[in-house]
Amino acid sequence: MTGLSAVLIVVGLFLAGGVYSFTKQKMPKSLIGLLAGASALCLIAGVLRIQGLWE
């Protein structure tokens, strides 16, 4: 696991926690969707880097 992979996964999990928090606070759905998309992209990129499919 490289440093960038770890950072991407940590940021993705942090953003996922933000999605949970924003949902509980009843924030606008567009903001929650944007945060969820960013979280998913970070997590996917981190996993792809671990698998060696994206350099």
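**Terms and their grounds**

Visitor: Why is leucine 4 called partly exposed?

Guide: Leucine 4 has a relative accessible area of 43%. Buried means under 20%, exposed over 50%, and partly exposed in between (1.4 Å probe, protein chains only); leucine 4 is therefore partly exposed. This is a predicted model, in which local features need pLDDT of at least 70 and side-chain atom pairs count only at pLDDT 80 or more, while totals for chains, interfaces and linings use all residues. Residues are numbered from 1 along each chain as its sequence is written, and side-chain values use heavy atoms, with hydrogens and water left out.

Visitor: Where is leucine 4 found?

Guide: Leucine 4 belongs to helix α1; helices (H or I, at least four residues) are DSSP runs, numbered from the N terminus.

Visitor: What makes lysine 26 exposed?

Guide: Its relative accessible area is 72%, so lysine 26 passes the cut-off for exposed. Lysine 26 is placed in the loop between α1 and α2, and its phi is near 60 degrees, a positive value in a residue other than glycine. Most residues other than glycine have a negative phi.

Visitor: Which residues make up the largest nonpolar core?

Guide: The five are Leu15, Val19, Ile32, Leu35 and Cys42. A nonpolar core is a set of buried Ala, Val, Leu, Ile, Met, Phe, Trp, Tyr and Cys residues joined through side-chain atoms within 4.5 Å. Helices α1 (3-24) and α2 (29-51) each supply at least two residues of this core, and α2 gives the most, with three.
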